[in-house]
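Student: Could we go through the structure together, taking each label and asking what stands behind it?

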Amino acid sequence: REAVKRLQGLAVIFRGRFGGTRRDFRILCNSPVPEQPPALACGLGVRGRNGLIITPEAGSLVILGAMTLPYTLEGDGPLGTGEAYPLCEQCGSTPPCVRACPTGAALGDGTINLDRCIQWYASGKGDAVPAEVAALWGKRLYGCTGCQDACIRNQRPIPAAKTNEGPLPAWIDGRELLALSGEALKERFKGTALGLSWLGPAGIRRNIRTALISCGSPHELHRKFYR
């Protein structure tokens, strides 16, 4: 929501400077369009060993969005050279993001083993969460940021990154959520970072059950989601 709002502001500026109508500026954020290839091609960052885009300004703590334009602009070109990971070189052969991954899904070569990735299953993917992944799920209601929390590029303040969009409480009672109907769950998370537009009540319930089993039915689930 924050990314869309900022892109909408840019569209207004572009229309004022260069012309075009509102229909010429289509915003793509959290859409089916793959976001990493164009981000790499236009030089926003490089692909990190954790499989995420690493930017010089904010590490991997970014949200990728795109916007179509009614004219052609000259691009900056890719950041860095070749297939190396120039922003990850100082991390050594076993970078912190690999060591921090609870299930060993981060392989350290820029790829992720989705069969073991908590974030993958927490996003509603897969028919069922494997037992070995569920055992390490912890108190996650949604997502996993282990590799991002450990990245040395993410240990600094990021100017202009604050947003008031979609806040969630730090703790949520999982068993209370399980007792809610689908419509009540949608209403509970309406306007938050878990607005259920991509996940749905079934996905939320699966995450809750997995967390309760992993943690021995705790009363509360820690809020965890990609920034």
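Tutor: What follows is a set of questions and answers about the terms used for this structure.

Tutor: This is a predicted model, in which local features need pLDDT of at least 70 and side-chain atom pairs count only at pLDDT 80 or more, while totals for chains, interfaces and linings use all residues. Residues are numbered from 1 along each chain as its sequence is written, and side-chain values use heavy atoms, with hydrogens and water left out.

Student: Why is α8 called roughly perpendicular to α9?

Tutor: Helices α8 (residues 182-189) and α9 (residues 200-214) pack at an angle of about 85 degrees, and their axes are 9 Å apart. That angle makes α8 roughly perpendicular to α9, because angles of 65 to 115 degrees count as roughly perpendicular, those under 35 as roughly parallel, those over 145 as roughly antiparallel and the rest as oblique. The axes are lines fitted to C-alpha atoms, for helices over the stretch in contact, and angles run from 0 to 180 degrees between N-to-C directions. The helices themselves are DSSP runs (H or I, at least four residues), as strands are (E, at least two), numbered from the N terminus.

Student: Which residues in α8 and α9 meet?

Tutor: From α8, G182, L185, K186 and F189 meet P201, I204 and R205 of α9, where contact means heavy atoms within 4.5 Å. Sorted by class, this contact holds 4 nonpolar, 1 polar and 2 charged residues; Ala, Val, Leu, Ile, Met, Phe, Trp, Tyr, Cys and Pro count as nonpolar, Asp, Glu, Lys and Arg as charged, and the others, Gly among them, as polar.

Student: What makes the pair E2 and K5 a salt bridge?

Tutor: The N to O distance between the side chains of E2 and K5 is 3.4 Å, and a salt bridge is a side-chain nitrogen of Lys or Arg within 4 Å of a carboxyl oxygen of Asp or Glu. The side chains of R6 and E2 also meet in a salt bridge, at 2.7 Å, N to O. In helix α1 (residues 2-18), E2 and K5 are 3 residues apart, so they are separated by about one helical turn. A search of the whole structure finds 6 salt bridges.

Student: Is E2 called buried or exposed?

Tutor: E2 has 17% relative accessibility and therefore counts as buried, since buried means under 20% relative accessible area, exposed over 50% and partly exposed in between (1.4 Å probe, protein chains only).

Student: What about K186 and E183?

Tutor: Their side chains meet in a salt bridge at 3.7 Å, N to O. K186 is partly exposed at 39%, whereas E183 is exposed at 58%. Elsewhere, salt bridges that share partners join R1, E2, K5, R6 and E165 into one network.

Student: Why is C147 too far from C97 for a bond?

Tutor: The closest cysteine sulfur to that of C147 is in C97, 6.4 Å away, which is too far for a bond, because a disulfide is a pair of cysteine sulfur atoms within 2.5 Å. By this rule the count comes to 0 disulfides. C147 counts as buried at 12% relative accessibility.
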